[in-house]
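Please look over the sequence and the model shown below before reading on. The report then takes up a few parts of it in turn.

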Amino acid sequence: EQAGDDANACEFYARAAEHAAARYAHEGAMGYVARALALIGNDTHPDNHMLRWRLLDVRERALDLQGRRTEQKADIDALQQLADTLDDDRRRGVAAWRRSDIALRMADYRTMESAARHAIAFAERAGDEALGLLAQVRLALALCLLGDASAGKELALEGLSAARGQGLRQIEARFLNALAYIAGLLFASWYMKR
């Protein structure tokens with residue numbers, strides 16, 4: 001940066017932010033992101049779009065772990081705008097999945113459902129089955145939380161089968177967690193009716 005090589009400085013700030021975030025050093029990561037974004041400024045060079053995505057990706061995750069929802073929502077909006085600028089359906093799906101995820105944390109189940117459906121659609125267009133399955137987990141939970149536990153359970157069972165068939169163990173675990181939650185709600189509903 002002192003030599004005036006902003007492009008390399010931004011790359012190294014991005015790497016430092018990613019390294020810090022992997023170690024849960026949130027304030028350090030946020031500082032590196034802020035410095036790199038300041039250097040990029042309003043430069044619309046295509047290479048900067050990808051770098052900006054990486055930086056916002058790191059910051060949004062750090063904000064999520066800190067529960068800073070207003071700032072996190074702003075970064076999700078910025079990620080969505082970048083995905084549109086890049087005309088990248090996979091990144092649109094990632095942004096929609098993140099919108100669904102934050103909606104879960106904020107108990108906004110209608111937004112959670114809608115964003116999960118968008119993420120699934122973008123993932124299908126991009127041919128990213130893993131992302132589609134991650135979004136399906138969120139949709140299954142949203143349906144359950146909106147009062148249709150049977151539909152949520154059916155969707156989660158379908159997703160579990162697909163994840164197992166593709167050997168996606170981490171996504172399989174997410175479906176199993178969702179099914180455990182759904183089973184608890186179904187049991188509570190049955191128990192209250194007795």
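This is a predicted model: local features need pLDDT of at least 70, side-chain atom pairs count only at pLDDT 80 or more; totals for chains, interfaces and linings use all residues.

## The nonpolar core

The largest nonpolar core holds 50 residues, and those that touch the most other members are Val 33, Leu 51, Trp 53, Leu 55, Leu 139, Ala 156 and Phe 175. Helix α7, which covers residues 129–145, gives the most to this core, with 10 residues.

## Helix α8

Helix α8 runs over residues 149–165, and at 1.5 Å a residue its 17 residues should span 24 Å, which agrees with the 24 Å between its end C-alpha atoms. The buried residues in α8 are Ala 149, Gly 152, Leu 155, Ala 156, Gly 159, Leu 160 and Ala 163. Seen down the axis of α8, these buried residues fall within an arc of 145°, so they line one face of the helix. An α-helix has 3.6 residues a turn, so residues three or four places apart point the same way.

The buried residues of α8 pack against α7 and against α9, the helix of residues 169–193, whereas the face turned away from the buried side carries the exposed residues Ser 150, Glu 154, Ser 161 and Gly 165. After α8 comes Gly 167, which has a positive phi, near 70°.

## Salt bridges around Asp 57

In one, Asp 57 pairs with Arg 61, with the closest N and O atoms 3.0 Å apart; both residues lie in helix α3 (residues 46–66), four residues apart, about one turn of the helix. Asp 57 counts as buried because its relative accessible area is 16%, under the 20% cut-off, while Arg 61, at 48%, counts as partly exposed.

In the other, Asp 57 pairs with Arg 98, and the closest N and O atoms are 2.2 Å apart. This pair links distant parts of the chain, since Arg 98 is in helix α5 (residues 89–105) and Asp 57 in helix α3, 41 residues apart. Arg 98 is buried, at 5% relative accessibility.

## A further pair and a network

Arg 99 and Asp 77 also meet in a salt bridge, at 2.9 Å from N to O, and this pair links helix α5 with helix α4 (residues 69–86), across 22 residues. Salt bridges that share partners also join Asp 64, Arg 69, Asp 101, Arg 105 and Arg 138 into one network.

Technical notes:
Residues are numbered from 1 along each chain as its sequence is written. Side-chain values use heavy atoms; hydrogens and water are left out. A nonpolar core is a set of buried Ala, Val, Leu, Ile, Met, Phe, Trp, Tyr and Cys residues joined through side-chain atoms within 4.5 Å. Buried means under 20% relative accessible area, exposed over 50%, partly exposed in between (1.4 Å probe, protein chains only). Helices (H or I, at least four residues) and strands (E, at least two) are DSSP runs, numbered from the N terminus. The expected span of a helix is 1.5 Å times one less than its number of residues. The arc is that of the directions from the helix axis to the C-beta atoms. Contact means heavy atoms within 4.5 Å. A salt bridge is a side-chain nitrogen of Lys or Arg within 4 Å of a carboxyl oxygen of Asp or Glu.
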